[in-house]
Amino acid sequence: DNANRVTQTMTLPSKGFSPLFAETGAAWPGVFEVKAEAGVGQFRGDRDGDRARGEFTITPDAQFGEAVAACLRSSPKGEEWLWLILQDVRLSEIKEFARADAKLTLVNILRLRMHGVTPEYLSEVRQVRNFSVDDIIRLRSYGVPGDFPLTLQRAGYSFDADGLVRIRSYGVQAAEAADWRRTLFYYFRKS
């Protein structure tokens, strides 16, 4: 019914819609839908050169919204529905993130997921320290393995997110950390 629909008019570069087409350079269909567990997004519009203009109508799945609210204590709102549909976020993923950290908001989950953070990665890096969502995104973006902070801690070292990114950017592997105690690095680090 129309009470559950959200319609927004937008103008965007048409290349912004390209991931939604099966192939690069596909003809502009005028109307197309994206179906996801969270609901349906329908795009209706025109393309003029490199600009696309039209409406995007979101039809949320009410049961999905209720299940998210039960899991996170708040229902998806406005733009969150757009990202739930475009990212094809599954309820099972939201539940996994909530199990990993009960304080996460839906916006946090969407941001983490957009940057390739899984619930497993979140749990792994937080074994040592309660890193912020921004820190976790940075760690993941710089290729810091999930077990890296714990391995370093077991070797007797403690680093914040900046330190982990810095030493990882120098190519340090977690397995090397235990050997550091027998090197000059340990001497200089403790001085």
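W83, L86 and M114 make a nonpolar surface patch of about 250 Å², where patches take residues with over 30% relative accessible area and no salt bridge, nonpolar side chains being joined within 5 Å, a salt bridge being a side-chain nitrogen of Lys or Arg within 4 Å of a carboxyl oxygen of Asp or Glu, and areas coming from the Shrake-Rupley method with a 1.4 Å probe. This is a predicted model, in which local features need pLDDT of at least 70 and side-chain atom pairs pLDDT 80 or more, whereas totals for chains, interfaces and linings use all residues. Residues are numbered from 1 along each chain as its sequence is written, and side-chain values use heavy atoms, without hydrogens or water.

Beyond its neighbours within four places in sequence, L84 is in contact (heavy atoms within 4.5 Å) with residues including F64, I94 and L106.

There are two aromatic pairs, defined by ring centres within 6.5 Å, with planes under 30 degrees apart counted as stacked, over 60 as edge-to-face and the rest as tilted.

| Pair | Centre to centre | Angle between planes | Class |
|---|---|---|---|
| F64 and W81 | 6.3 Å | 55 degrees | tilted |
| Y157 and F159 | 6.5 Å | 25 degrees | stacked |

Both F64 and W81 are buried, and Y157 and F159 are buried as well.

Key: Patches are made of residues with over 30% relative accessible area and no salt bridge: like charges are joined within 9 Å, nonpolar side chains (Val, Leu, Ile, Met, Phe, Trp, Tyr) within 5 Å. Rings of Phe, Tyr and Trp (its six-membered ring) pair if their centres lie within 6.5 Å; planes under 30 degrees apart count as stacked, over 60 as edge-to-face and the rest as tilted. Buried means under 20% relative accessible area, exposed over 50%, partly exposed in between (1.4 Å probe, protein chains only).
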